[in-house]
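Please look at the sequence and the model before reading on.

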Amino acid sequence: MQITSCGITDVGLKRGHNEDNYLINEELNLFVVADGMGGHAGGEYASAIAVNTVEEIVTSMEVDQDALGDITDPVEITRHKITHAIRLAGRRIFEKAKEQPEYHGMGTTAVVLLIDGGNAFVAHVGDSRIYMLRDNRLEQVTEDHSLIAEKIRHGLITPEEAKNHRMRNVITRSLGYQEDVEVDITVRAIRRGDQFLLCSDGLSGHVEDDEMEEHLLNYRPQEAARRLIELACERGGEDNITVVISRMEEV
Ligand code: CA
């Protein structure tokens with residue numbers, strides 16, 4: 001397996017500091033983006049806990065034995081491990097926020113991609129996204145946990161109406177606001193040439209899916225990421241912007 005990857009995070013043009021965090025671990029083929037929020041200095045702390053906890057748990061192969069029961073299928077075990085890692089991150093953030101007043105109200109999103117055994121494990125909580133490019137077509141493979149995404153799913157508003165909706169930043173699931181959280185996770189077989197793009201809403205809020213597709217098709221990962229960040233900044237750079245791209249060169 002050979003994977004080319006890169007990640008860039010940018011404070012954007014309107015925010016005083018960057019509360020996003022990302023991780024690329026090339027040994028594990030693990031990629032994470034977390035978009036923190038809330039509290040005085042809480043946002044960047046929450047997203048750092050998320051990124052570090054996921055890496056720690058995936059590295060240590062620690063699994064929740066009670067939850068695992070008699071599961072022996074390696075794919076199922078990996079699914080459990082990732083889910084456990086994200087939930088543990090949420091619990092750690094929740095505890096810190098409770099203990100220390102300056103971190104009160106902090107939380108974060110998390111999107112996690114692990115390439116293992118010919119499979120892509122895609123897990124998330126919140127409105128950060130993972131896209132997959134295959135056969136020249138880009139598809140969003142996470143479903144935003146946001147009020148607006150739910151309204152679209154229920155046919156209450158159109159995607160067009162959602163773009164400038166005043167509630168577009170309201171997320172319905174995140175790490176840290178409650179002790180435990182439900183994690184969405186899917187597994188798909190990878191193919192040579194597949195590309196994955198992980199991003200915070202600082203990118204997806206300014207750049208259309210077809211523009212991301214065009215960039216992934218026309219540029220190498222590093223150049224695509226750089227240009228996408230530039231594009232988000234040109235359009236206002238309202239929020240912190242993070243992009244991680246990984247490309248399956250050989251499978
Ligand atoms: Ca954000």
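The structure is a predicted model.

Asp35 and Asp201 link distant parts of the chain, as they are 166 residues apart. Asp35 lies in strand E3 (residues 30-37), and Asp201 lies in helix H6 (residues 201-204).

Are these two residues buried or exposed? Buried means under 20% relative accessible area, and the table gives the values.

| Residue | Relative accessibility | Class |
|---|---|---|
| Asp35 | 7% | buried |
| Asp201 | 17% | buried |

Asp35 counts as buried because its relative accessibility is 7%. Asp201, at 17%, counts as buried too.

**The helix pair**

Helix H7 (residues 209-218) packs with helix H8 (residues 221-234). Their axes are 9 Å apart, and the angle is about 150°. Angles over 145 degrees count as roughly antiparallel, so H7 and H8 are roughly antiparallel to each other. Their crossing is right-handed.

Which residues meet in this contact? From H7 come Glu211, Met212, His215 and Leu216, and from H8 come Ala224, Arg227, Leu228 and Leu231. By class, the contact of H7 with H8 holds five nonpolar residues, one polar residue and two charged residues.

Methods
Residues are numbered from 1 along each chain as its sequence is written. This is a predicted model: local features need pLDDT of at least 70, side-chain atom pairs count only at pLDDT 80 or more; totals for chains, interfaces and linings use all residues. Side-chain values use heavy atoms; hydrogens and water are left out. Helices (H or I, at least four residues) and strands (E, at least two) are DSSP runs, numbered from the N terminus. Buried means under 20% relative accessible area, exposed over 50%, partly exposed in between (1.4 Å probe, protein chains only). Axes are lines fitted to C-alpha atoms, for helices over the stretch in contact, and angles run from 0 to 180 degrees between N-to-C directions. Angles under 35 degrees count as roughly parallel, over 145 as roughly antiparallel, 65 to 115 as roughly perpendicular and the rest as oblique. A crossing is left-handed if the near helix is turned anticlockwise from the far one by less than a right angle, and right-handed if clockwise. Contact means heavy atoms within 4.5 Å. Ala, Val, Leu, Ile, Met, Phe, Trp, Tyr, Cys and Pro count as nonpolar, Asp, Glu, Lys and Arg as charged, and the others, Gly among them, as polar.
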